[in-house]
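The sequence and structure are shown first.

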Amino acid sequence: MSGASLFDAVRRQAGSQVTTVPLARETLIHLMHTLEQLVLDRKLASLVCAGLGFGDGWESTTRQLEKLAGPAAYILAFGERTAPLADLPGVTPIPVAAGDPLSGERFFLVLSYTFSALLCARRRENVSREPGTPSFDAVWSFDPQVVEYGLEWLTAYLESQTHTAALEIVHAVRRVLSPRSSDLLALSQFATEMIRFEEQLHQELARVERERIRVYEREALLSTIARAFIDLPADQIDAA
């Protein structure tokens, strides 16, 4: 599967079942953490496949995976730098070669008895690095069929790389678990967090706009005062 991409495979197989959405890095990381928090809050016994890709710092990544290893039965962590994860109980590192498309993709697949989801993102090329600028293309879904596409692709990837231990984990989990529709409570929790996040963004935008108006009014006042001094006769300027 040299040169293969999970992102491309899911889009190709899912077709109209998924929509590619441009996301800022901050939004993408928040989505990822929200899905992780669902596993933590609900203490789900599950299989988690995590693509570390452009991780937001190894310390925070390691800390998050360590927390997930509590409720999650198995965690498969894919990435170029997996050595720091070798000693984490419950985490199986999957080294990905530099230059492999999968090394640049961030993904999170969770399979449990009550909740299944897939989020996968790839960095856009030649985009601004300004905060808030959409710099990744992402797809995500709670559809069991889409999750199945992702799981089948990752299983084939493990087979092509001869990751025997990871394959044994996947096959053991698949004997008792398959992607299924997420329960309404999980979907509600996810939607609630997204609404809260969006409202927080609106509040921040409103604060920035208020500050912009204050700066504009201050500059306009200073400009008016400056023009008044310029228009004064020379003797009045000296007196002033």
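## Overall architecture

The protein contains seven helices and seven strands. The model examined here is a predicted one. Read along the sequence, the elements follow the pattern α-β-α-β-α-β-β-β-β-β-α-α-α-α.

Of the 240 residues of the protein, 41% count as buried. Among contacts with a separation of 6 or more, 71% are accounted for by residues 24 or more positions apart.

## Helix α4

Helix α4 spans residues 144-160, a run of 17 residues. The span from its first C-alpha to its last is 24 Å, close to the 24 Å expected at 1.5 Å a residue. After the helix comes Thr162, whose phi is positive, near 55 degrees.

Because 12 of its 17 residues are buried, α4 is largely enclosed by the rest of the structure. The buried residues of the helix are Pro144, Val146, Val147, Glu148, Tyr149, Gly150, Leu151, Trp153, Leu154, Thr155, Tyr157 and Leu158. Ala156 also belongs to α4. Ala156 and Leu167 are 11 residues apart in sequence, and their C-alpha atoms are 9.3 Å apart in space.

## Packing of α1 against α4

Two packed helices are described by the angle between their axes and the distance between the axes. For α1 (residues 6-14) and α4, the angle is about 135 degrees and the axes are 9 Å apart. This angle makes α1 oblique to α4. The crossing of the two helices is right-handed.

On the α1 side, the residues that meet α4 are Leu6, Ala9, Val10, Gln13 and Ala14. Their counterparts in α4 are Val146, Tyr149, Gly150, Trp153 and Leu154. These residues of α4 are listed among the buried positions of the helix.

## Ser112 in strand β5

Ser112 lies in strand β5, which covers residues 105-112. Its relative accessibility is 1%, and Ser112 therefore counts as buried.

Polar atoms of the Ser112 side chain lie by two backbone atoms: the nitrogen of Thr114, at 3.3 Å, and the oxygen of Phe115, at 2.8 Å. Leaving aside neighbours within four places in sequence, Ser112 is in contact with Leu44, Ala45, Ser46, Leu177 and Arg180.

## Pro95 in strand β4

Strand β4 (residues 91-95) includes Pro95. The relative accessible area of Pro95 is 44%, so this residue is partly exposed, the cut-off for an exposed residue being over 50%.

Pro95 and Glu80 are 15 residues apart along the chain, and 5.5 Å separates their C-alpha atoms. When neighbours within four places in sequence are left aside, the contacts of Pro95 are with Gly79, Thr82 and His163.

How values were computed:
Residues numbered from 1 in each chain as written. Predicted model: local features only at pLDDT ≥ 70, side-chain atom pairs only at ≥ 80, totals over all residues. Heavy atoms only, no water. Helix = DSSP H or I, 4+ residues; strand = E, 2+ residues; numbered from the N terminus. Expected span 1.5 Å × (residues − 1). Buried < 20%, exposed > 50% of the residue type's maximum accessible area, 1.4 Å probe, protein only. Axes fitted to C-alpha atoms, helices over the stretch in contact; angles between N-to-C directions. Parallel < 35°, antiparallel > 145°, perpendicular 65-115°, else oblique. Left-handed = near helix turned anticlockwise from the far one by under 90°. Contact = heavy atoms within 4.5 Å. Polar contact = N/O pair within 3.5 Å; in protein donor to acceptor, adjacent residues only side chain to side chain.
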